Amino acid sequence: MEIRKTILNRFSLFYVAAILFALLLMGNIFSIQQDKGWDQKGQRLNVKEVTIPARRGDICADDGRPLATSVPYYELRMDLGAPGVKEIFNAKVDSLAWCLAHFFKDKSERAYRDELRSAYRQGARYHLINPRKVNYLELKKIEGFPIFRRGRNRGGLIADRENMRVYPFGNMATRTLGRMSSTIYGGTHGSVGYYGLEEAYESYLKGEDGLALKRNMSGRWLYASEEEPKDGYNLITTIDVNFQDMLMHALKKEMAESKAKYGTAVLMDVNTGDIKAIANYGRNGDGDLTEGYQNYAIGNSGNAEPGSTFKLVSLMAALEDGKVDTSTIVDTGNGVWKYKDRTVYDSDWRHGGHGKINMKQVFEYSSNVGVAKIITKAYAGHEKDFVDRIYSFGLNHPVDLGIRGEAKPFIKYPGGGNGWSGVTLAWMSFGYELKLTPLQMLAFYNAVANNGRMVEPRLVKAIERNGRVVKEFKTKVMNPKICSSETLSKVHDMLRGVVKYGTAKSLNTPNYEIAGKTGTAQVANQSEGYYHASGRIYQASFVGYFPADKPRYSCIVVINGPKGAYYGGSVAGPVFRAISDNVYASDLRMYDDMGVSAFAGKQDYPGEVSGKRKDLEEVLDDADLLNGWFHGSSEWAVMDTTNNDVELDPLQVVPGEMPKVTGMGASDAVYLLENRGLRVSITGRGKVAAQSIMAGAKYRTGQSVVLRLRE
């Protein structure tokens with residue numbers, strides 16, 4: 001009995017415990033059913049809020065062509081668990097693998113098939129097809145592949161869109177335009193502008209991201225848009241694509257030949273300050289030339305002693321203060337002058353110097369001795385007056401181009417605790433013991449060309465969205481008149497004299513006149529000074545404007561560390577001339593007040609006709625004017641009337657040489673030249689009367705040529 005009682009008691013306790021547990025479980029279930037928070041948690045498991053990135057705005061050239069743009073690319077994945085895929089996978093996987101292998105060309109058909117089968121067995125819902133992202137046109141082609149062609153929901157293809165930054169003109173103005181980075185700021189901001197315009201105008205370019213709901217529908221995430229993104233604004237720059245291409249080519253060619261360390265060139269519109277082209281070449285760790293290595297035009301890496309190009313500033317100060325005139329005679333002796341405990345040398349002192357010459361010749365021959373004697377005689381004991389006059393020109397202020405990294409000018413001031421010494425006045429007069437960037441120097445010369453009006457260099461003209469300008473950047477005047485008109489007239493003549501009679505005679509051209517100044521400076525560093533263990537290092541430069549009588553453009557070229565020749569006139573000068581020649585040939589504004597005589601290759605006689613041989617033969621034969629046979633296989637011919645007969649002679653077209661197109665109709669001339677890679681501009685009507693590049697002259701692909709037509 002006792003055993004039975006014990007068993008019954010234990011069973012009763014177990015029964016009661018089971019009832020209590022059941023009641024507790026039912027209570028919890030009821031509580032959960034009443035708790036709306038679980039509905040929200042369940043909703044979050046099936047719905048996610050995701051960011052839709054805005055399309056980044058374009059950076060455009062002055063004519064609207066994109067220099068930097070965002071293009072949609074797609075990462076391709078596959079839902080191998082979709083019911084529609086399961087229906088035909090085994091029957092179509094071989095065909096799909098063949099298509100993928102032939103499209104991507106990175107793996108064999110078998111490798112793709114094995115990967116797809118493995119992912120299918122695992123029921124992969126987000127299988128990466130290939131790590132390479134594809135563009136829109138490629139996506140459309142892939143959507144027609146087996147299985148995928150069944151449509152988005154039944155074919156299993158998942159295309160995740162991503163906007164990628166591309167630069168249609170490659171490395172054109174890389175350092176100025178900037179690039180994108182996803183690693184700066186710890187990578188927490190995504191891909192943002194890293195330097196240049198991409199960084200400076202990040203707030204405009206990036207746009208505003210949108211939001212979307214991503215809902216899980218039978219194992220697949222589908223988007224339901226909630227808030228559309230707002231695309232970024234477009235920047236309209238002042239860059240001219242044709243000028244930029246030409247300037248980069250000219251600078252890189254000279255740097256490659258001279259094996260220089262780095263170089264920069266800037267082309268600017270005289271009146272507006274618009275930067276039409278800017279290039280920066282340096283050498284990477286492998287010694288290769290790279291555009292965008294540093295911004296030598298405005299940055300600390302290019303902030304250096306300008307050398308002889310600063311002589312214009314010094315002599316302008318003396319002229320403006322009435323200390324000297326262009327006719328003042330200066331005794332430069334044998335090109336060597338002892339000043340206190342230092343010695344000043346002229347570049348040609350080994351050839352005996354220039355003796356007694358006037359101030360204009362001092363400038364034209366770039367005499368260090370002459371300039372130093374003029375400035376020390378005029379300002380010794382009144383050094384502050386000299387520097388104050390330089391400051392009045394505006395050279396002590398940055399030009400504020402709008403991108404990060406512009407170096408500040410360094411111009412010593414007497415008693416300012418910045419290293420002014422007893423010889424600073426003399427050495428500053430010919431461009432040492434101070435630092436200026438190439439762009440700061442160009443802004444000053446541009447002011448001289450602009451009748452004394454100093455304008456701020458401009459790189460961005462406007463900000464727009466959907467074709468509507470939302471912000472415009474007007475030309476800013478930094479100094480309405482840097483000096484008197486009398487001084488300007490004298491320095492204009494001095495600058496023209498440098499090219500006519502002085503250190504830049506090699507830049508003379510019969511078609512237009514250049515005004516400017518050569519510069520050659522020894523480069524110092526903190527550890528070795530001017531005398532490096534590997535030998536002296538020089539910086540060559542040329543800065544000026546053209547045409548000299550009616551300036552349209554100013555330009556500076558600076559080349560650091562050339563091997564062999566190192567003078568400004570022989571290293572930087574040819575780059576300037578190549579730039580000015582191309583600009584002159586392609587800008588029709590240059591010819592507003594000029595006749596056909598300004599062009600090379602003037603019309604030989606009124607009856608000159610040339611063109612396609614078959615067309616000319618047909619016309620002349622119909623008119624019964626054709627005498628003799630055409631000898632040669634040339635497609636082009638020129639009409640010869642020298643023997644009082646009408647004959648056709650072959651028109652020589654030599655690769656790399658400018659063909660003669662005078663006498664041709666416009667369509668024939670354009671066809672011939674553009675097929676040889678030239679960019680053609682036309683003014684007037686009728687036959688070609690003149691061409692801006694002389695027949696037989698060497699040309700390069702992409703060079704511009706202007707054809708003047710006449711009835």
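Helices here are DSSP runs of H or I with at least four residues, numbered from the N terminus. With that in hand, welcome to a quick tour of a predicted model. In the second largest cavity, helix 10 gives the largest share of the lining, three residues. The count of cavities of 30 Å³ or more comes to four, and the structure holds zero disulfides. A few backbone spots also deserve a look, among them a cis peptide bond from F546 to P547.

**The largest cavity**
- The volume of the largest cavity is about 100 Å³.
- Lining this cavity are 13 residues, and P306, L436, P438, Q539 and V558 are the closest to its centre.
- Helix 16 (438–449), strand 25 and strand 26 are the elements that each give two or more residues to this lining.
- Sorted by class, the lining of the largest cavity has seven nonpolar residues, five polar and one charged.

**The second largest cavity**
- A volume of about 50 Å³ belongs to the second largest cavity.
- Its lining is made up of N242, F243, M246, N582, S586, R679, G702, Q703 and S704.
- By class, two nonpolar, six polar and one charged residues line the second largest cavity.

- The F546 to P547 peptide bond is cis, and its omega is near -20°.
- P547 sits in the loop that runs between strand 25 (538–546) and strand 26 (553–560).
- Strand 25 and strand 26 are also among the elements that give two or more residues to the lining of the largest cavity.

- S366 is not a glycine, yet its phi is positive, at about 55°.
- You will find S366 in the loop between helix 12 (359–364) and helix 13 (368–379).
- S366 counts as buried because its relative accessibility is 10%, and the cut-off for buried is under 20%.
- E433 is not a glycine either, and has a positive phi of about 60°.
- The loop that holds E433 lies between helix 15 (424–429) and strand 19 (434–435).
- With a relative accessibility of 15%, E433 therefore counts as buried.

**Cysteines**
- Zero disulfides are present in the structure.
- C60 has 5% relative accessibility, so this cysteine counts as buried.
- C555 counts as buried too, because its relative accessibility is 0%.

Methods: Residues numbered from 1 in each chain as written. Predicted model: local features only at pLDDT ≥ 70, side-chain atom pairs only at ≥ 80, totals over all residues. Heavy atoms only, no water. Buried < 20%, exposed > 50% of the residue type's maximum accessible area, 1.4 Å probe, protein only. Disulfide = S-S within 2.5 Å. 1 Å grid on protein atoms, 1.4 Å probe; cavity = no way out; pocket = protein on both sides within 12 Å on 5 of 7 lines; lining within 4 Å. Points joined across faces, edges and corners; volume = space filled by probe spheres on them. Nonpolar A, V, L, I, M, F, W, Y, C, P; charged D, E, K, R; others polar.
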